[in-house]
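Work through the following exercises with the sequence and the model at hand. Try each task before reading its solution.

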Amino acid sequence: MKRLSFVIVLAAALCALCAAGCSNSSESSSTQPQTRPGATLSEPQVTTQPVTKSAAATKPAKATTNKKKKTTASATSPARPAQTPAATVSPTAPKNVPGDTISGANINPNIGSIADRVTNEINSKQVTGISLSESDIELTVSETAEITVTYTPADAMYKICSTGLSSSSVAEITGKSNTGIKIKGKAAGTCVLTVTSQNGHKATCGITVKRNETITDDSKIPHADLCTADNVNRWAAEITAECQSLGMKQNASLKGVDIALDTAENADKTQSYNEVKSAYVQSVKTQLESLVEGDYKDYVFNCYVEAKDGGEYYINVVISKEAE
């Protein structure tokens, strides 16, 4: 019985001791940090409470160290010496290159820029004179001739010229290049050909056109050769003579148009002078019959020529009753 009581007391004591130990253990873990195994009482205790990180604490320690090193190096490094520009060396022109050749291989700064050399090259090749192979020529109607243009110097640049005739009714330019000009006679008369270079130099040639005696009034020729100022005036004279033969008197001061003959109507034909004259005279007679009332002797008339563009003409006839 005594043994049982002893066991009970011992168990109660163990329970109390165990409860006290658990209480101390819980209290110690909430207020004190755990120590490393084998640590002595003299070692400093490290708190385990969490620490709030500041903005400065987030920067790595290594970055702070590098910044200090850079600052130190800048403070201790000596200033850089100023750079001295390299001396300019003129290139040497290669051998076997002509002196007047413009290329990247032989440009020497001492003789100027490329632009200057090109300008000098062009100026040295300007036209300084112009001449023609003929100073005077003679042509017949419908005959052509070619005049050669020569420039000085022979190798001049910009061989461009303009041409002009003092009378387009006597002759015409049928072909032109910078080295040759073709001239064709249109009607009997004289005119002057003027050739002008691009920079203003001039040369002239006198042109004389004569009637071709081998062409008769019955020879059929193209309209361009037939419709000349000389022939148109002759046709007008034939019409004048026909009106006078009807008994009408001529009044040269009379102007107006009652009958108009257009030479362009024959532009696509090949005819003779007499064929055209006959058609023109008959046309005028037919139209006069419808215009005249009574006797022709009571009328006056005038027949005159009017030039058109393109080398064509009008032959105009105007009539009026003679004043009583």
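**Exercise 1.** Decide whether Trp 235 and Tyr 273 are buried or exposed, then classify their ring pair.

Solution. Step 1: both Trp 235 and Tyr 273 are buried, where buried means under 20% relative accessible area, exposed over 50% and partly exposed in between, with a 1.4 Å probe and protein chains only. The model is predicted: local features need pLDDT of at least 70, side-chain atom pairs count only at pLDDT 80 or more, and totals for chains, interfaces and linings use all residues. Residues are numbered from 1 along each chain as its sequence is written, and side-chain values use heavy atoms, without hydrogens and water.

Step 2: recall the rule for a pair. Rings of Phe, Tyr and Trp (its six-membered ring) pair if their centres lie within 6.5 Å; planes under 30 degrees apart count as stacked, over 60 as edge-to-face and the rest as tilted.

Step 3: apply the rule. The structure holds two aromatic pairs. In one, Trp 235 and Tyr 273 are stacked, at 5.4 Å centre to centre and 10° between the planes. Trp 235 belongs to helix H5 and Tyr 273 to helix H6, so this pair ties together parts 38 residues apart in sequence. Helices (H or I, at least four residues) and strands (E, at least two) are DSSP runs, numbered from the N terminus.

**Exercise 2.** Classify the pair of Trp 235 and Tyr 280.

Solution. Step 1: the ring centres of Trp 235 and Tyr 280 are 5.5 Å apart and the planes stand at 85°, so the pair is edge-to-face. Step 2: Trp 235 in helix H5 and Tyr 280 in helix H6 are 45 residues apart. Step 3: Trp 235, Tyr 273 and Tyr 280 form one aromatic cluster.

**Exercise 3.** Find which residues have the most contacts inside the largest nonpolar core.

Solution. Step 1: a nonpolar core is a set of buried Ala, Val, Leu, Ile, Met, Phe, Trp, Tyr and Cys residues joined through side-chain atoms within 4.5 Å. Step 2: the largest has 27 residues, and those with the most contacts inside it are Trp 235, Ile 239, Met 248, Val 284, Leu 288, Ile 315 and Ile 319. Step 3: another core, of 22 residues, lies apart from it and includes Leu 132 and Ile 183.

**Exercise 4.** Describe the setting of Lys 184.

Solution. Step 1: Lys 184 is in strand E6, residues 180–185. Step 2: with a relative accessible area of 16%, Lys 184 is buried. Step 3: its side chain makes a polar contact of 3.1 Å with that of Asp 225; such a contact is a pair of N or O atoms within 3.5 Å, where within protein one must be able to donate a hydrogen and the other to accept it, and residues adjacent in sequence count only if both atoms are side-chain atoms.
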